[in-house]
Amino acid sequence: MTTTPAGELLVTARRWGKVAARNAGGGLRHAADRVTVAWRRSLQLRVGATTAVMAGVVVLVIGLFLVDKVSGGILRAKRDAAIDQAKIGLSTARSALQGIDAGVATEVREARQEILANNSGNGATAGTFTIVLFSPSGGADSDPGAAAVPATLRDVVERDNLAFQYAPVPQPSGSGGLVKGLVVGESVQARSGVFQLYYLFPLTAEEQTIELVQRTVLLAGLALVVLLLAIALIVTRQVVLPVRVAAETAGRLAAGDLSNRIPVRGSDDIARLGQSFNDMADSLQRQIRRLEDLSRVQRRFTSDVSHELRTPLTTIRMAAEYLHGNRADFPPELSRAAELLHTELDRFESLLADLLEISRYDAGVANLESETVDIRGVVASTVEASQMLAQRHGSEIVVQSPDEPVSVDIDSRRVERILRNLVGNALDHGEGKPIVITIGYDDDAIAVTVRDHGLGLRAGQAALVFNRFWRGDPSRSRLTGGTGLGLAISLEDARLHDGWLQAWGERGRGAQFRLTLPRRAGHTLMHSPLPLDPDDKDEDEE
């Protein structure tokens, strides 16, 4: 199939037309979005626009009312003057028409000229006009204005009435054009019959006056709207500027700059608001500094105590090891005491180590030593280290991992500590049932879940398990002798990796902990490859 050059040109034009329409539509949407954002963010814009619209509506209504009243008054004055002119000229017309023969056109024309001359010099205020005279036979003289007299008006005047009607009339200059005008007619009784006399008043001067009034009202209305808009913007600015300053100051206070304050000038309501804000900021600054000092003292006390206990603990450890090693030579009660001493010393050393670690997090001196490793190796190392504990609990550790390597940038020591805490916690509460460790990954993140099938968690406890020294069941014995800081340290380790550590549990169904880490250091997590709820098969997002 061949295509002619004209057809190719038509196809190209249509394609460019679609592209132009698409670009125009995108530009309009972008402009509309910018206007919407500006409208939502700017109080001054909303107040100014609202003031302009409301002022415009009020000015429009008042302007239409004024123009209508002024126009009606001008036309009413013109109409009254025209009717007075017709009434004054009635006697002149009767005397001029009394002795003429209606059938002689020359006499009728001379009578019309006499009536026009007499009425023009009688001092009336109706303005410029021309007259048209119809004879009793219905004919008119040669005046071109005869065609301007409406037929409906003639019907009314024939019934011996004084009547008027607005209609186009010839220009007074005789240029041949028609202008808006007023026609006033009356019947004149003469010897040869009843004549119809019509006065044609052009409304050119009145139209010019009305147009001047309309322009004046329009310009005054626009000036008033602009003035009101300027006043609204100025007044709003006086209110908005202090509010913006307060918002910026509050933002800097929230960012940690506790020394920032609002400049206060004068003693009005805005100044009192600024002073109250500054007083509140001073109070908050004092409270925060007091809390910081208390926290600093607490952290230092914890660190100092932990360090100072190292030396006596080493001595006690040596004595306990000696007693534990020779417990077979002791009586049964002393042998049992040596075993308990050895076990509790292990737990005490773990507690000191955890206190030192948590104090480093509190002081903000914890460092991350990342390296690229296979997460499967870290999980395998955790499982191997937990086998003896699993045997003591009578639980089996099941690992579900992919066949291919899963590389990730992590601090292996800290991640393995997280997993050991999770596995130890699961064994401690798993009621001897299997513990399932699952590894999942995608291009952005890796996830490891540790699932137990023990008693589980009550409603609301999933948010408490990472609190320091929190225990779900204080009366429950623990073979591992946990310190109560393991999950709190694990949460800090996960956050140090920009990761998530989350818990799920349900009474009677067990619990599951999920560790999610970005595969590349510095990346932000948007989702997890594994669900937090074991029954949820879809990806869980946060």
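This is a predicted model: local features need pLDDT of at least 70, side-chain atom pairs count only at pLDDT 80 or more; totals for chains, interfaces and linings use all residues.

Which helices each supply at least two residues of the lining of the second largest pocket? I looked that up and found helix H5 (204-254) and helix H6 (269-308).

**Entry: the pocket**

I checked the volume of the second largest pocket and got about 330 Å³. Its lining has 15 residues, and I noted the ones closest to the centre: Pro 242, Ile 262, Pro 263, Arg 265 and Ile 270. Then I sorted the lining by type, which gave eleven nonpolar residues, two polar and two charged.

**Entry: the sheet**

Next I turned to the strands. I found five of them in an open sheet, and reading across I get the order E6-E8-E9-E11-E10, with mixed pairing. E6 (397-400) and E10 (500-506) are the edge strands; each has a single partner strand, so one side of each has no neighbour in the sheet. I also looked up the twist, and from one strand to the next it averages 15°.

**Entry: one pair up close**

I picked E9 (residues 445-452) and E11 (residues 510-518), and they pair in the antiparallel sense over eight bridges. What is the bridge partner of Arg 451 in E11? I traced that one to Gln 512.

**Entry: a helix on the sheet**

Last, I looked at helix H12 (residues 486-496). I see H12 lying across E10 and E11, and H12 runs at about 135° to E10.

Definitions and conventions:
Residues are numbered from 1 along each chain as its sequence is written. Side-chain values use heavy atoms; hydrogens and water are left out. Two strands pair if DSSP finds at least two bridges between them. Helices (H or I, at least four residues) and strands (E, at least two) are DSSP runs, numbered from the N terminus. Axes are lines fitted to C-alpha atoms, for helices over the stretch in contact, and angles run from 0 to 180 degrees between N-to-C directions. Contact means heavy atoms within 4.5 Å. On a 1 Å grid over the protein atoms alone, a cavity is a set of points where a 1.4 Å probe fits but cannot get out, and a pocket is an open set with protein on both sides within 12 Å along at least five of seven lines; lining residues have an atom within 4 Å of a point. Grid points are joined across faces, edges and corners, and a volume is the space filled by probe spheres set on the points. Ala, Val, Leu, Ile, Met, Phe, Trp, Tyr, Cys and Pro count as nonpolar, Asp, Glu, Lys and Arg as charged, and the others, Gly among them, as polar.
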